[in-house]
Amino acid sequence: MGAKERAYLPHAVVEVTTDCNLRYKHCYNWWKREGEAPPARGSFGKVFRLLEWLISHTTAEQVVFSGGEPTLCERFEELALHAKVNGLRVTVITNGNGPGRVYEALARMGVDLLEFSVLSARAATHDGITGAAGSWERTTRELRLALERGVEVVPVTVVTALNADGVGECLEMLCGMGVRRVMVNRYNVGGEGLRQVRSLSPDAATLRRVFREVDDLAGRLGLDVVSGVCTPHCLLDPEEYPHVCFGSCGTEAYRRPLTFDVEGNVRMCNHSPRVMGNVYRQPLEEILFSDYACSWESGRAAFCEECGRWERSRGGCRAAAEQVGGTLRDADPVTRELSLKPFNC
């Protein structure tokens, strides 16, 4: 198939496995919701087939390997290498507790980015959230080794009520290790986290205090800080945190983290439980411009009808609304949990 015939796609998130060796209290994977059956189990053959489809049928330039824990996927090093050899930029989202040989292999092949989950500067806090003793030690060890091997690293910290008081300390630790880029995300309702929303959710005042501290550290330490979870502006107003780059739910399908599972099913993002279509059974353009997909751009959350920030805020993470049984007419469930009011300006 010629390049002109390939479907336009700038990047793809590929969920290579549902297996995970940790038990994050805040895990957002939709199949962790109560009553859900896990999707089809990953395998080398299924992921290889999907990679081949992406390479030959789309213009994708980047692939993000996710899970579960992607480094547990069968022959994962070969899959990452296949992507690299075919010209794709490769990012791996990992908990840092995968096999050491896999991280070493990823460094040797020149993987473009490793995202490590680091939840605290304190082992006890981190391990308490992951549900696995020793996970902090393994994560920080692999992160240090990746830096020594010249791999670009972005640690990811998720702010919950369990670690909010130590987020600044965590960023200072990471900076001391040589990290220059960090992602700080607020806890996003979904998956396993639905079982304990109250205990995981920091209140609005706490979250704003944490992000003021993060903003101050970013300015003083020269850190490049991104908050990747779409957040309603009535909770966190980006204008109050000039040193933090806030992500938003883009209106165009191609700007979203389009997510593919091993069976070829496509979802709007890795937080959404809604399958839009399957690349082995229908054209990608048909999936991305379906009525459902277009409703992400045209539909407005009822909570935000009078909001003066809609075009920028867009109701926060509306995939989270889907996770709690809502629709795209519902705003991010955090607006209800924290009793927020629409932002008017």
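A charge sits over a ring if NZ of Lys or CZ of Arg is within 6 Å of the ring centre and within 35 degrees of the ring normal. Arginine 75 gives an example, lying over the face of phenylalanine 44 at 3.7 Å from the ring centre. Another is arginine 274, whose charged end sits over the ring of tyrosine 292, 4.0 Å from its centre.

A word on the model: it is predicted, so local features need pLDDT of at least 70 and side-chain atom pairs count only at pLDDT 80 or more, while totals for chains, interfaces and linings use all residues. Residues are numbered from 1 along each chain as its sequence is written, and side-chain values use heavy atoms, leaving out hydrogens and water.

Let us follow tyrosine 292 into helix H10, residues 291-298. Helices (H or I, at least four residues) and strands (E, at least two) are DSSP runs, numbered from the N terminus. The buried residues of H10 are Tyr292, Ala293 and Trp296; buried means under 20% relative accessible area, exposed over 50%, and partly exposed in between (1.4 Å probe, protein chains only). On the other side of H10, Asp291 and Ser298 are exposed.

What do the buried residues of H10 pack against? Their partners are strand E11 (275-278), helix H9 (284-288) and helix H12 (318-323), with contact meaning heavy atoms within 4.5 Å. Methionine 276, leaving aside its neighbours within four places in sequence, is in contact with residues including Ile287, Leu288, Tyr292 and Ala293.
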